[in-house]
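Have a look at it first, and then we'll go through its parts.

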Protein chains: 2
Amino acid sequence: MNLLFIIYFIIYFFIFADRNLIQNQLKNKQKSYQYMAKGLTKREENYSQWYNELVVKADLAENSAVRGSMVIKPYGYSIWEKMQGALDKMFKDTGHSNAYFPLFIPKSFFSKEASHVDGFAKECAVVTHYRLKNDGNNNIVVDPDAKLEEELIVRPTSETIIWNSYKNWIQSYRDLPLLINQWANVVRWEMRTRLFLRTAEFLWQEGHTAHATKQEAIEETEQMINVYAEFAEKWMGMPVIKGLKSENERFAGALDTYAIEALMQDGKALQAGTSHFLGQNFAKAFDVKFADKEGKLDYVWATSWGVSTRLIGALIMAHSDDLGLVLPPKLAPIQVVIVPIYKGEEQLNQISEKILPIKKNLEAKGISVKFDNRDTHKPGFKFAEYELKGVPVRIAIGPRDLENNTLEIARRDTLVKESKSQDGIEDYIENLLNDIQDNIYKKALKFRTENTYTADNYEDFKDILENKGGFILAHWDGTSETEQKIKDETKATIRCIPIDAPEENGTCIYSGKPSNKRVLFAKAY
Amino acid sequence: MNLLFIIYFIIYFFIFADRNLIQNQLKNKQKSYQYMAKGLTKREENYSQWYNELVVKADLAENSAVRGSMVIKPYGYSIWEKMQGALDKMFKDTGHSNAYFPLFIPKSFFSKEASHVDGFAKECAVVTHYRLKNDGNNNIVVDPDAKLEEELIVRPTSETIIWNSYKNWIQSYRDLPLLINQWANVVRWEMRTRLFLRTAEFLWQEGHTAHATKQEAIEETEQMINVYAEFAEKWMGMPVIKGLKSENERFAGALDTYAIEALMQDGKALQAGTSHFLGQNFAKAFDVKFADKEGKLDYVWATSWGVSTRLIGALIMAHSDDLGLVLPPKLAPIQVVIVPIYKGEEQLNQISEKILPIKKNLEAKGISVKFDNRDTHKPGFKFAEYELKGVPVRIAIGPRDLENNTLEIARRDTLVKESKSQDGIEDYIENLLNDIQDNIYKKALKFRTENTYTADNYEDFKDILENKGGFILAHWDGTSETEQKIKDETKATIRCIPIDAPEENGTCIYSGKPSNKRVLFAKAY
């Protein structure tokens with residue numbers, strides 16, 4: 001009986017203890033997934049669906065009842081506010097002032113620059129009436145007696161209304177340069193829309209500058225694409241390639257368009273900002289001349305440049321993972337979240353007493369900290385929520401930490417957790433945030449490097465597009481026809497002609513004609 | 001001959017020296033006017049024209065080519081940015097977050113709250129089409145094939161589109177309160193427009209909050225009118241009277257509207273901000289219910305509140321004078337301007353060497369300083385320009401100041417000039433700016449006190465309106481009929497029923513019926 005018992009015990013030990021061990025291992029393995037956002041599609045399953053779900057689940061934005069227009073929710077909007085703050089300072093540091101021009105543009109203005117109207121005519125929201133009325137049967141209808149003599153276009157971009165104003169502002173070289181930026185909403189009636197990436201209405205800034213010389217306008221155009229690149233890399237942690245657009249992809253009305261192009265995790269490119277050299281096109285369309293020092297009259301030279309809420313889409317797609325957002329600390333609305341782990345009010349009070357001075361010290365360093373002491377949700381729920389929302393650093397503190405003078409620090413980018421002494425934790429976290437900012441950039445840069453290919457013939461080119469995705473550097477003969485054919489056959493477009501690309505003799509992958517520089521191809525958003 | 005010469009000399013002395021004296025006196029007298037903006041109409045000649053001219057001459061804004069829409073120029077916009085910065089902080093400090101909702105509102109939404117649509121229907125810009133096309137004769141026309149199934153209203157205010165979103169955001173008491181603000185442009189098709197005061201498109205913020213109880217919503221409504229009053233008084237230096245609107249003047253869809261009312265220099269009132277208690281009107285119109293702790297369903301309680309670029313108009317009319325703007329330092333884009341008085345580059349260099357460290361010290365105190373070393377304009381021109389633009393403090397520095405270690409300090413509000421030692425000038429100026437801020441407020445308060453009357457009968461009431469203007473505290477019987485009759489006969493309206501007004505028995509100046517409180521009447525913008 002005893003022997004049987006012992007044998008039973010031994011068997012039990014080997015089977016069940018082992019099973020426990022396995023279960024524990026499983027548990028540990030699961031641990032890194034346990035806070036995973038419920039039901040978020042994985043990137044490799046369906047990248048597009050992952051993105052759409054993440055935007056909504058992380059409370060960034062949602063579709064509205066107005067076709068193609070989104071509601072930017074507080075958490076999403078606070079990222080936009082951070083972007084605005086950084087960009088606005090960069091614009092002002094380079095001498096620009098903000099102003100505000102009308103939302104509506106008379107149709108006749110809009111038509112003055114021929115290629116401009118061609119580019120935007122198909123996506124214009126048009127105001128035709130200025131009054132509603134009750135039809136007598138308690139239906140609210142448009143009042144047919146309140147028809148506008150001239151229709152008004154809801155601005156898709158403001159070159160025309162702005163240059164019509166500049167006409168009165170510019171007489172002499174003393175009025176130049178005119179360096180103005182506008183933060184505004186614009187409307188482009190897109191047929192296929194996606195939150196942040198392509199919406200009928202979006203928020204943006206549009207710079208519109210006027211210069212006395214061609215050279216100065218080109219320098220401004222280049223300066224602003226550099227500002228955008230710096231913002232993308234230093235603030236968004238997103239490496240970009242600067243270059244010129246081919247004729248097909250140029251802004252309607254521009255002589256040259258510079259763009260920054262970023263690579264998303266699914267291997268598609270995203271145009272994140274553009275800066276246009278407009279030559280004298282708009283000055284001619286609106287008859288804006290200035291007298292130089294000698295009194296000679298000439299048309300003014302122009303630039304325009306813009307980035308939009310699309311950047312939030314880029315930010316999401318560049319860094320986020322299957323658990324949710326990964327936000328670079330510099331743009332994270334909450335940089336550090338503190339989650340107390342406690343039972344009962346007394347323990348919470350002890351934790352609060354310990355952690356609130358640390359919170360205060362962090363805030364004194366300019367770090368935004370949230371102490372989530374809600375008693376309506378369990379720590380695990382909160383962990384998942386802040387992972388989903390991409391908060392860069394999570395601090396957990398429980399009774400054992402009180403005893404040991406420790407804190408559990410988890411970083412969102414690598415998901416690494418560690419126990420740290422409370423002493424000097426503020427400096428540690430400050431450095432950690434910088435580390436995370438750097439690491440996010442480096443990771444994205446590594447991804448881009450690994451997903452940038454060169455193709456020397458059309459077969460290789462198509463093979464890379466089909467099987468790998470990413471950026472492809474290839475020779476092109478410089479013609480719109482070739483570009484269009486490649487686009488029609490493969491859906492890939494020339495993202496830009498990189499500024500930094502070295503001179504290199506080769507032959508166009510499509511036509512075999514000579515080329516002296518590789519251009520950047522990709523499928524794009 | 002000698003005698004004649006002596007006599008001649010004596011005569012010369014008496015006549016010409018005296019004349020010189022007179023001329024000198026004249027010169028001194030002119031001195032305070034010498035920088036006067038050329039051609040600015042005086043307030044007492046034509047207050048309305050003075051305002052219109054000042055807005056344009058001070059480079060704040062101008063009319064655009066779009067009927068009723070203005071261009072806010074960089075100097076005007078930078079005042080708006082200062083206002084936004086201060087208000088946004090106050091909103092966030094009281095727990096609100098920013099978000100963004102669509103510009104367009106489907107007509108059907110707009111019609112859901114009956115009194116709301118009645119109030120706004122007559123001034124709605126309506127989008128009916130979404131495409132332009134070339135008609136074949138090179139005319140750009142609206143494409144008739146691109147007609148919207150349902151017309152879209154350009155938001156005149158966003159209650160309807162926001163409450164349609166809140167429907168999905170609010171299920172339980174845990175989702176409340178919802179405290180959201182939006183910075184946006186809105187359009188109201190006004191027939192008579194004036195820069196800043198009444199424009200077809202204007203910029204504003206609109207807060208939209210949702211609450212579990214009536215009491216909490218009322219407290220929010222009151223909190224926000226207090227925030228506005230504090231902003232008006234502490235930042236704009238503009239005393240305001242807080243009160244409730246009478247039924248006639250209430251926001252379309254509100255149960256109660258609180259307003260702040262300010263008195264302009266011409267004796268007319270200006271409504272500077274409103275905060276609305278909306279009851280459950282919009283929750284009912286959009287079916288927004290929440291479950292309380294016991295699981296019982298009820299409609300949500302709402303508020304909305306807003307201030308707009310109209311505040312810039314108020315700011316101008318409250319303080320400015322015949323020389324131009326008088327800006328309170330806290331909202332002045334440039335707080336201190338330094339004008340060097342020099343001949344030749346060497347003197348300018350000496351002055352720069354002396355003044356630039358002082359400029360730097362001032363900036364370290366958070367004071368915005370402009371050093372105007374343009375050689376294209378004379379000091380007198382610059383003095384006039386900064387007087388016109390309302391820069392609170394002007395520092396002039398010339399060769400004699402270099403010798404004497406002095407600076408000439410001129411304050412814009414009182415036009416007083418004094419020579420001060422350069423030692424410790426930074427602290428002096430910091431205090432001076434606070435002084436000016438206080439003085440501007442006190443001056444406006446004194447003006448309001450002197451122009452607030454009580455009238456105990458209709459004759460006195462009409463007499464004051466006719467001959468003095470200003471605020472009139474008078475008894476009213478509480479009926480819309482009486483209010484309307486007074487308005488029709490005198491153009492005066494009830495600006496508000498002041499919150500702070502003491503209980504006082506009396507009889508209505510119009511009907512003779514009993515009243516227990518005086519209300520505030522005035523002609524208004």
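Which residue in S5(B) is the bridge partner of His129(A)? It's Val126(B). This is a predicted model, where local features need pLDDT of at least 70 and side-chain atom pairs count only at pLDDT 80 or more, while totals for chains, interfaces and linings use all residues. Residues are numbered from 1 along each chain as its sequence is written, with chains lettered from A and ligands numbered from 1 in the order in which they are written.

## Where the chains meet

That His129(A) and Val126(B) bridge belongs to a pairing between strand S5 (residues 126-129) of chain A and strand S5 (residues 126-129) of chain B, which run antiparallel over 3 bridges. Two strands count as paired if DSSP finds at least two bridges between them. Strands (E, at least two residues) and helices (H or I, at least four) are DSSP runs, numbered from the N terminus.

The chain contact takes 51 residues from chain A and 51 residues from chain B; two residues are in contact if their C-beta atoms, placed from the backbone, lie within 7 Å. On the chain A side, those residues split into 30 nonpolar, 12 polar and 9 charged. Here Ala, Val, Leu, Ile, Met, Phe, Trp, Tyr, Cys and Pro count as nonpolar, Asp, Glu, Lys and Arg as charged, and the others, Gly among them, as polar.

At the chain B end, S4(B) pairs with strand S8 (residues 147-154) of chain B in the antiparallel sense, over 3 bridges. Look there for Pro106(B), which stands opposite Leu152(B) in S8(B).

## Domains of chain A

Chain A is assigned domain 1 (52-103 + 161-319), domain 2 (329-443) and domain 3 (451-522), with bounds that come from an automatic or database domain assignment. The C-alpha centres of domains 1 and 3 of chain A lie 27 Å apart.

Between these two, 16 residues of domain 1 of chain A are in contact with 17 residues of domain 3 of chain A. On the domain 1 side, strand S11 (241-244) and strand S12 (256-263) of chain A are the elements that give two or more residues, and S11(A) gives the most, with 4 residues. By class, that side has 5 nonpolar, 4 polar and 7 charged residues.

## Two helix pairs

In chain A, helix H3 (residues 74-93) and helix H7 (residues 214-235) pack at an angle of about 145 degrees, with their axes 11 Å apart. Axes are lines fitted to C-alpha atoms, for helices over the stretch in contact, and angles run from 0 to 180 degrees between N-to-C directions. Ala86(A), Leu87(A) and Met90(A) of H3(A) meet Val227(A), Phe231(A) and Trp235(A) of H7(A), a contact with 6 nonpolar, no polar and no charged residues.

In chain B, helix H10 (residues 344-364) and helix H13 (residues 425-450) pack at about 45 degrees, with their axes 10 Å apart. Ile358(B), Asn361(B) and Leu362(B) in H10(B) meet Ile425(B), Glu426(B) and Ile429(B) in H13(B). That contact divides into 4 nonpolar, 1 polar and 1 charged.
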